[in-house]
Amino acid sequence: MSQQSHWKASALAATFSSGAGFNGTAWGAARAPLHMGSEMGFGLGFGQGAVHGDAVASGEPSTRRQKRKASSEDEAMDSSSPTPEPAARRIRSVEPRRGGSDELAAVINGSPLRRRDGRKRTRVGGAGPSEVALDKLLEPLEAKDLRALLDTLVAQNPQLGAQVRQLVPQPTVSSACSQLERLQRRLLAAFPYNKAGPAADDYTFHRVRPALEELRDTIVMYLDHFTLQGLAGGSALSHPAEWFDLLAQATAVALRMPKWARAANDAVRGDTLRHLADGWLRAVLATARWADEGHTAGRDMLTRWAQRLELVYADEPALFEPAVQAFQRSFGHLCARARA
């Protein structure tokens, strides 16, 4: 055995024979905290430190003393640090500064913006942030919705009726004929579905009656508008050819009105054709006066009038006979020459 090994064995033997107990052994010294040292210094000759002596003398564990020391330090730190202020209070307490920070502080504090001269600043356009421009509100509306809106405004404010009439373009023969075509399509769409085609019973009549009456009223309205004043000053027409276009279109639409199984239901169709026959008579008489005043009526126009009158006379001879006789008296000779 070497000298070094002999020295270590002697030291261990002295340790176990000292009577210090388990805590006096090298194993007990190893269980002690590192900063407190050990009695035998792990058998390497290190002596017991002063800290270890104090702990043994007081009889108090070192971990409890450390916890008590840490808690006292925390209390001291808490008492010395100020209480944090709520975030909402800090935001409201922002004071305006010089320059551009005034507007930022006003926005944060919720106060209205002011000009440099002290007056409140007005928003551009005078509209609030939740308002939408009127033209953008009206743009997505359909024509029927706009008409309903306009009708409501005029009904609630009758004085607006005259202003609207001045702003709306006056109807022309072309626009009137287009309107009659739309109403005719609406009438056909109002018929209930039937495998055998449109029926002529009372049920079907009551289904289509509103559209049928609207078509009649529109025809009568345009006839009165365009033919009552003749071709005199202030009339809506300037030439007899315009009368012919309106009368020909309106008569064709009226002749396509349905005939019903019950005779009483044909009153709407008969009433419309009577107004048209009267319109044809007024147009023929007005055109005759217009020709007597020195104007020339073209033979092509008169020929087309004669052909149209023959067609309607074949369907409703009793109603259109006065108009046919008036035309023969005034322009029959011109039409005969054209045929010859």
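Visitor: Is L149 buried, partly exposed or exposed, and why?
Guide: L149 counts as partly exposed because its relative accessibility is 37%; buried means under 20% relative accessible area, exposed over 50%, and partly exposed in between (1.4 Å probe, protein chains only). This is a predicted model, where local features need pLDDT of at least 70, side-chain atom pairs count only at pLDDT 80 or more, and totals for chains, interfaces and linings use all residues. Residues are numbered from 1 along each chain as its sequence is written, and side-chain values use heavy atoms, with hydrogens and water left out.

Visitor: Where is L149 placed?
Guide: L149 is in helix α8. Helices (H or I, at least four residues) and strands (E, at least two) are DSSP runs, numbered from the N terminus.

Visitor: Which residues form the nonpolar patch on the surface?
Guide: The patch consists of V132, L134, L137, L138, L141, L146, L149, L150 and L153, with about 730 Å² of accessible area together. The elements that give two or more residues to the patch are α7 (134–138) and α8 (143–156), and α8 gives the most, with four residues. Like charges are joined within 9 Å, and nonpolar side chains (Val, Leu, Ile, Met, Phe, Trp, Tyr) within 5 Å. Accessible areas come from the Shrake-Rupley method with a 1.4 Å probe; for residues, only the protein chains shown count as cover.

Visitor: Let us change topic. How many helices and strands are there in the protein chain?
Guide: The protein chain has 15 helices and zero strands. Of its 340 residues, 26% count as buried.

Visitor: Which residues touch the most other members of the largest nonpolar core?
Guide: They are L215, I219, L276, L302 and F327, in a core of 45 residues. Helix α13 gives the most to this core, with 10 residues. A nonpolar core is a set of buried Ala, Val, Leu, Ile, Met, Phe, Trp, Tyr and Cys residues joined through side-chain atoms within 4.5 Å.

Visitor: And what is L302 in contact with?
Guide: Leaving aside neighbours within four places in sequence, L302 is in contact with A297, F327, F331, L334 and C335. Contact means heavy atoms within 4.5 Å.

Visitor: Back to α13, then. What span should it have?
Guide: The 26 residues of α13 should span 38 Å at 1.5 Å a residue, and the end C-alpha atoms are 38 Å apart, which agrees. The expected span is 1.5 Å times one less than the number of residues. Just after α13, G294 takes a positive phi of about 115 degrees.

Visitor: Is T272 buried or exposed?
Guide: T272, which is in helix α13, is buried, with a relative accessible area of 0%. Not counting residues up to four places away in sequence, T272 touches R216, I219, A254 and M257.

Visitor: What about G279: buried or exposed?
Guide: G279 is buried, with a relative accessible area of 0%, and its place is also in helix α13. G279 and T227 are 52 residues apart in sequence and 6.8 Å apart in space, C-alpha to C-alpha.

Key. Patches are made of residues with over 30% relative accessible area and no salt bridge: like charges are joined within 9 Å, nonpolar side chains (Val, Leu, Ile, Met, Phe, Trp, Tyr) within 5 Å. A salt bridge is a side-chain nitrogen of Lys or Arg within 4 Å of a carboxyl oxygen of Asp or Glu.
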